[in-house]
Amino acid sequence: MGRARMGRAGPRVLAARSLPEVAVSRGPVRHSMAGARDLGLVAPVARGLSAKRRPAFEPEPEPEKPFLLRDPASSHGDGSDSGVSDSEESVFSGLEDSGSDSSEDNDDGGEDDISCDKGHSRTEGQAQTGSPGLGTEMVRSSSRDEYQEDSSDEEDIRNTVGNVPLEWYDDFPHVGYDLDGRRIYKPLRTRDELDQFLDKMDDPDFWRTVQDRMTGRDLRLTDEQVALVQRLQRGQFGDMGFNPYEPAVDFFSGDVMIHPVTNRPADKRSFIPSLVEKEKVSRMVHAIKMGWIQPRRPRDSTPSFYDLWAQEDPNAVLGRHRMHVPAPKLALPGHAESYNPPPEYLLSEEERLAWGQQEPGERKLNFLPQKFPSLRAVPAYSRFIQERFERCLDLYLCPRQRKMRVNVDPEDLIPKLPRPRDLQPFPTCQALVYRGHSDLVRCLSVSPGGQWLASGSDDGSLRLWEVATARCMKTVPVGGVVRSVAWNPNPAICLVAAALDDTVLLLNPALGDRLLVSSTDQLLGAFTPPEEPALQPAQWLEATEEERQRSLRLRICHGKPVTQVTWHRHGDYLAVVLATPGHTQVLIHQLSRRRSQSPFRRSHGQVQCVAFHPTRPFLLVASQRSVRVYHLLRQELTKKLMPNCKWVSSMAVHPAGDNIICGSYDSKLVWFDLDLSTKPYKVLRHHKKALRAVAFHPRYPLFASSSDDGTIIVCHGMVYNDLLQNPLLVPVKVLKGHTLTRDLGVLDVAFHPTQPWIFSSGADGTIRLFT
């Protein structure tokens with residue numbers, strides 16, 4: 001019976017642990033099976049294998065008869081084949097069919113039967129004759145579950161691939177080999193993400209379903225397993241009943257016991273002097289004699305103090321600390337702290353009142369000097385505790401860090417700019433003063449040839465001047481405040497536009513060439529009105545005969561106050577800015593067809609000024625916080641510039657068209673490079689008050705700004721053709737001459753079109769020419 005039990009355990013352990021050998025060859029298996037048959041144990045082994053191959057869904061079979069109580073035919077049948085083919089076994093175990101047929105099993109079984117020797121048949125004969133004791137023992141052993149005392153570490157008995165890492169088979173279609181060396185293919189996973197999502201929605205236990213990698217089946221975790229996983233995720237122990245904080249058991253008591261732990265007699269070496277220690281001591285004595293070892297000096301018990309505030313010498317303890325910063329020292333007391341100060345240190349009544357009204361941080365002395373007859377009469381100092389506390393704060397709040405100061409010459413930090421004398425020509429001195437207006441002059445404009453000058457004032461008149469002589473050629477009374485004036489830039493047209501209240505006046509000043517004046521009148525008179533006039537945001541009116549005698553030709557009425565008027569470079573279009581909220585703040589008028597249109601559908605804030613691009617079909621609109629560049633042909637926004645100032649007051653475009661300057665009411669001049677960024681390239685803060693106007697020179701690299709501080713600052717602004725080189729901005733001259741009136745200074749500036757001259761109009765009612 002002992003041999004029978006050992007025979008039954010043999011093939012089972014082989015099936016669990018000897019799979020690599022099975023995968024290589026079938027020889028060891030056949031040899032083991034033959035040995036088992038020699039011992040008369042073929043039936044128990046076959047019954048064990050058939051128990052393994054029984055599908056999970058079959059009903060529990062009837063208890064089998066013991067091997068010795070059945071007929072030889074049935075025993076032989078069980079020994080040769082379990083009745084289930086390997087292909088069925090692979091399906092029942094949750095794995096795909098490996099493609100093996102049962103005929104090979106039958107053939108192998110036949111070979112095994114042939115290889116049995118005579119000892120096997122003799123044992124079988126003894127079993128058939130049978131002995132009562134042996135048969136009873138076999139019945140008892142077969143009635144127990146043979147896997148009840150399983151010590152194998154296999155997770156699932158249905159998986160016959162053994163206890164090998166499944167990562168070895170990641171790149172293969174099979175998951176291992178069976179007992180006969182044939183491949184066991186992986187189960188087909190035909191479920192896609194949609195099926196998984198449907199299962200997740202329908203199955204309430206989807207969250208606790210995991211896949212068993214050994215068998216490929218889905219397992220539902222029990223409540224105990226879920227609780228175990230949650231405990232492990234929280235960092236707790238897996239066993240719920242384990243207490244990690246059990247009281248410690250003191251195995252060794254601190255009390256002196258009667259009986260010793262050991263009562264062994266002392267060794268002989270415990271009372272004989274050690275020769276090794278004697279040699280060590282002799283070496284140390286020799287080292288002390290030679291001076292190699294210094295004896296310890298007795299330690300001084302008195303505490304050592306050092307002066308924290310003194311100047312440390314390099315040899316001191318704190319002096320050797322590289323980053324040490326000495327503590328701040330208190331100021332030594334002076335004559336004012338004396339109990340009997342000199343009379344000049346005592347404060348008078350007025351000084352005492354002034355001292356009491358001052359803030360504590362503004363006082364020169366934080367106490368009042370007093371005079372006492374003797375030191376015994378001096379009372380306790382009332383602020384003693386407060387001053388000691390402030391001293392402690394000074395000591396521990398003082399930054400104990402040494403700042404590495406770099407010795408830099410301040411001159412080296414200033415950028416190397418060219419000298420102003422190398423940047424000439426630019427206006428340097430006042431040449432002419434144009435007097436005639438009785439109120440502040442808000443605007444001015446120069447003719448394209450540079451011979452004539454137009455100015456508008458609050459006195460209700462528009463004056464035309466000769467530049468060279470400062471002579472007033474014509475005065476046109478308009479009956480209101482002239483907000484803006486602009487000379488037509490086309491040299492073939494003699495026309496001036498002036499903004500007056502809600503009207504734009506177009507005047508022919510009749511100055512200069514008579515052919516030019518007559519051609520301008522012919523151009524204006526050649527217009528034929530359409531049969532059906534279109535609906536327009538502005539109304540075009542012809543001037544009466546009386547108004548034509550005063551040089552007035554056309555009147556454009558808007559219904560809203562006009563703040564600015566500016567011409568396109570070709571002289572046919574002009575843009576106006578209206579002081580009204582909404583999308584009709586900017587209107588564009590066409591002179592030849594007498595049409596008006598509003599280019600925008602919605603508003604982006606209060607518009608301050610507009611300008612046409614000198615070379616491209618762009619319209620620049622400056623609101624209070626930004627400058628928008630619109631493409632007129634594409635009808636789209638091209639760029640949005642952010643000046644970062646409060647607020648934009650004026651704007652000018654460089655003659656090349658790639659740079660813009662903006663003046664603001666917070667005394668900043670902002671330079672934009674359109675090819676560089678939408679942020680300012682340079683911000684100049686030379687003025688002390690709000691900027692009223694900015695201007696570029698058409699030919700020279702000059703730009704200027706006027707401010708309410710009464711000055712005009714002329715700067716050199718060279719823009720290079722090389723795109724990799726930044727513009728050079730150098731202030732060259734501050735021009736003064738206007739007097740401040742009603743806190744207003746210079747209201748407008750304009751450059752001469754051909755000469756390095758600049759015109760300025762001020763609140764003092766004068767126009768000045770600087771050359």
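Colleague: Which residues have the most contacts inside the largest nonpolar core?

Modeller: This is a predicted model, where local features need pLDDT of at least 70, side-chain atom pairs count only at pLDDT 80 or more, and totals for chains, interfaces and linings use all residues. Numbering starts from 1 along each chain as its sequence is written, and side-chain values use heavy atoms, with hydrogens and water left out. A nonpolar core is a set of buried Ala, Val, Leu, Ile, Met, Phe, Trp, Tyr and Cys residues joined through side-chain atoms within 4.5 Å, buried being under 20% relative accessible area with a 1.4 Å probe, protein chains only. The largest one has 20 residues, and those with the most contacts inside it are Ala497, Val504, Leu506, Val565, Trp567, Val576 and Leu591.

Colleague: Which elements give two or more residues to this core?

Modeller: Strands here are DSSP runs (E, at least two residues), numbered from the N terminus. The elements in question are β11 (496-500), β12 (503-507), β14 (552-557), β15 (562-567) and β16 (573-578).

Colleague: How many residues are in the second, separate core?

Modeller: Happy to say! Its members include Leu464, Val496, Ala498 and Leu505. The count for this second core is 18 residues.

Colleague: Is His738 buried or exposed?

Modeller: His738 lies in the loop between β30 (728-736) and β31 (746-751). Its side chain makes polar contacts (N or O atoms within 3.5 Å, one able to donate a hydrogen and the other to accept it; residues adjacent in sequence count only if both atoms are side-chain atoms): one of 2.7 Å with the side chain of Ser760 and one of 3.3 Å with that of Asp764. Because its relative accessible area is 9%, His738 is buried.

Colleague: Which strands stand at the edges of the open sheet of 4 strands?

Modeller: The order is β19-β20-β21-β22, with antiparallel pairing; two strands pair if DSSP finds at least two bridges between them. The edge strands each have a single partner strand, so one side of each is left without a neighbour in the sheet. They are β19 (607-612) and β22 (636-641).

Colleague: What is the bridge partner of Leu620 in β21?

Modeller: Good one to look up in the structure. Strands β20 (residues 618-623) and β21 (residues 627-631) run antiparallel and are joined by 5 bridges. The partner of Leu620 in β21 is Val629.

Colleague: Why does Leu166 count as buried?

Modeller: Leu166 is found in the loop between α9 (132-143) and β1 (174-177). Leu166 counts as buried because its relative accessibility is 10%.

Notes
Buried < 20%, exposed > 50% of the residue type's maximum accessible area, 1.4 Å probe, protein only.
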